[in-house]
Amino acid sequence: MLRNKRSANLWGLGAIFLASTITPFAVAQIAAPETVESAPIATDAFAIGGIGPAEGALPTSLWHNSDPQTLEYLLGYMPTRPISPSIGKAMRRTLLSSGTKPSGASPSLGGHKLLALARAGFVEEARDVASLATAGRSDLTVAEADATISLLNGDSEAACRRGSSLNGGREALFWVRLRAFCYARAGELDAFDLTMNLLRERGALAGGDEALLLSVAGAEPKVIPPVTTAIQYAAAKSAGLALDAGAIANAEGGVLSAILNDDEADTGLRIEAAEQAVAMGAVEIASLKRLFDGITFEVAELGTAVDVAKARPQDITLDALLYQSITAMSAPEFIRDKAQRISFALGRAKSFHRAYSLSLLYADDIVALEGVLVTPEEASNFALARMAVGDSVGAGRWLSAMIGANESVAALPEPLGLDFIDRVNLLSHLDPQTAARIARGAGVSLLTDEPTHVSSVSAHEDPSVTARILVAAFDAVAGEKPGQASLAALAASAGKARANGEVEMVVVGEGLNAAGMPELRRLHEFERAWAATFSSTGMTDEASSGGASQDEAGMVPRVKPRAN
């Protein structure tokens, strides 16, 4: 067989040789391979993306003609706690879009992008992009991003190794703070004391830095300090401190994502972190669903979920209990009870982040409820939940259901009538035409001259920062630079002064428009207006005594959503 195979191969080769010598023209008859266009594989973190067009990626030319120094400046002012879900979504769509980096850009531009993503809560996305980047590994900003990602992923050892491997730039405050943490963690107390003194001399122990770093060295704090940054969270975790919702009230998005993904963290803390992160646009609602599904409750608690929730109005873990009890109500005969229970769950929220995340949690269920008999109170809750996902048409139907066949706000009790007017005014931020039509039909007027809740952002404390952002925004609009326009909008949204930033508000809106994301501008304005209703009424989850929803038992008037 080997001989036959060898003979066959030789015969084949001979035939090819014979054909090539006798009929050379036959070669010319064979079509040449088609030229395949290819682009160089991006190796820099700034050029590498993580989403495609179907997920809202901006065009690959988003950085065309932009000045790298302008981009780096804007990246230095990215929000670490996006002020609305839409701002977080705009950040994701911009920084996770693939695009050729501007000519002359240094590797630090990619580091600033990774750092902005990680600090805002897109930790996994930043890690994925960093793992694909091969250029600029020695850049200090890239190194800081790597260390931050490691801290947020619970790998303090890797972060400490990254810091100790630096060849220069170790005097930067981030690295000095990290060294103090690493010395304390390793029990090198003399080196820790020297480093802490250095930080004190430089006035660089901000917020809860000192108490948290000292706790790693063994000094238990009298009061749990607030946790904001990745180093502070790593210190609290290393010291075994029991954090509560108050401690993470101002935590960066990356810290909230880290807590959500920490299986050892307190369940209530994980829920609080998750709901905050969802309302920043940094975490998908699927992550909250997985968290809720993974919590174990007693069968008796599931059977009496509403009673349990009423008895413990401030217990945030009962958001998960109600969710599990609602998802179990899959039979058609439970649809009316399910509607009632969803409304009750939504009504427990007394903060924007909780109300928003719960609205997304029950979004599909509420769509399935159209056509079900509901009370005006329930219709009001469902209308707001549909606005949260940008469904102005669905929200309009539920608002119409609040009034019922009378088609007049006068048919409602006064509190519900005022509630209806507030809802219609909120809808006007999202869809002015639908809101105006519903208002006319109900015999009420929209507040066109002076909205009840002004959708504003905070100003930057330094006016020169606002000025530079404004110049970058003008340049982006004039030069058709969508990526830069988006970064200007994001930077404008990150002010922390007490004063309202009227200029910043304009930059946010026009920047999102110029970046090709006008739908996010509308959503952002609605979200800010909705968030203002909680602060203006003093309603917070901490001070809440529970929702005032209808009891599940008892006869109540019901109306039915109608198609408009």
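I take a contact to mean heavy atoms within 4.5 Å, and I keep in mind throughout that this is a predicted model.

**Whole protein.** I then went through the secondary structure, which comes to 29 helices and zero strands. Of the 564 residues of the protein, 53% count as buried, while the protein exposes about 26,300 Å², of which carbon and sulfur atoms supply 54%.

**Ser84.** I next turned to Ser84, which I found in the loop between α3 (68–75) and α4 (85–95). Is Ser84 buried or exposed? Its relative accessibility is 1%, and because buried means under 20%, Ser84 counts as buried. Leaving aside residues up to four places away in sequence, I noted that Ser84 touches Ala279, Met280, His524, Glu527 and Arg528.

**Helices α26 and α28.** I wanted to describe one pair of packed helices, and such a pair is described by the angle between the axes and the distance between them. Helix α26 (residues 463–478) and helix α28 (residues 502–514) pack at an angle of about 25 degrees, with their axes 10 Å apart. Angles under 35 degrees count as roughly parallel, so I wrote down α26 and α28 as roughly parallel to each other. Their crossing is left-handed. On the α26 side the contact is made by Thr466, Ile469, Leu470, Ala473 and Val477, and on the α28 side by Val503, Glu504, Val507 and Ala514. Sorted by class, this contact of α26 with α28 has seven nonpolar, one polar and one charged residues.

How values were computed. Residues are numbered from 1 along each chain as its sequence is written. This is a predicted model: local features need pLDDT of at least 70, side-chain atom pairs count only at pLDDT 80 or more; totals for chains, interfaces and linings use all residues. Side-chain values use heavy atoms; hydrogens and water are left out. Helices (H or I, at least four residues) and strands (E, at least two) are DSSP runs, numbered from the N terminus. Buried means under 20% relative accessible area, exposed over 50%, partly exposed in between (1.4 Å probe, protein chains only). Axes are lines fitted to C-alpha atoms, for helices over the stretch in contact, and angles run from 0 to 180 degrees between N-to-C directions. Angles under 35 degrees count as roughly parallel, over 145 as roughly antiparallel, 65 to 115 as roughly perpendicular and the rest as oblique. A crossing is left-handed if the near helix is turned anticlockwise from the far one by less than a right angle, and right-handed if clockwise. Ala, Val, Leu, Ile, Met, Phe, Trp, Tyr, Cys and Pro count as nonpolar, Asp, Glu, Lys and Arg as charged, and the others, Gly among them, as polar. Accessible areas come from the Shrake-Rupley method with a 1.4 Å probe; for residues, only the protein chains shown count as cover.
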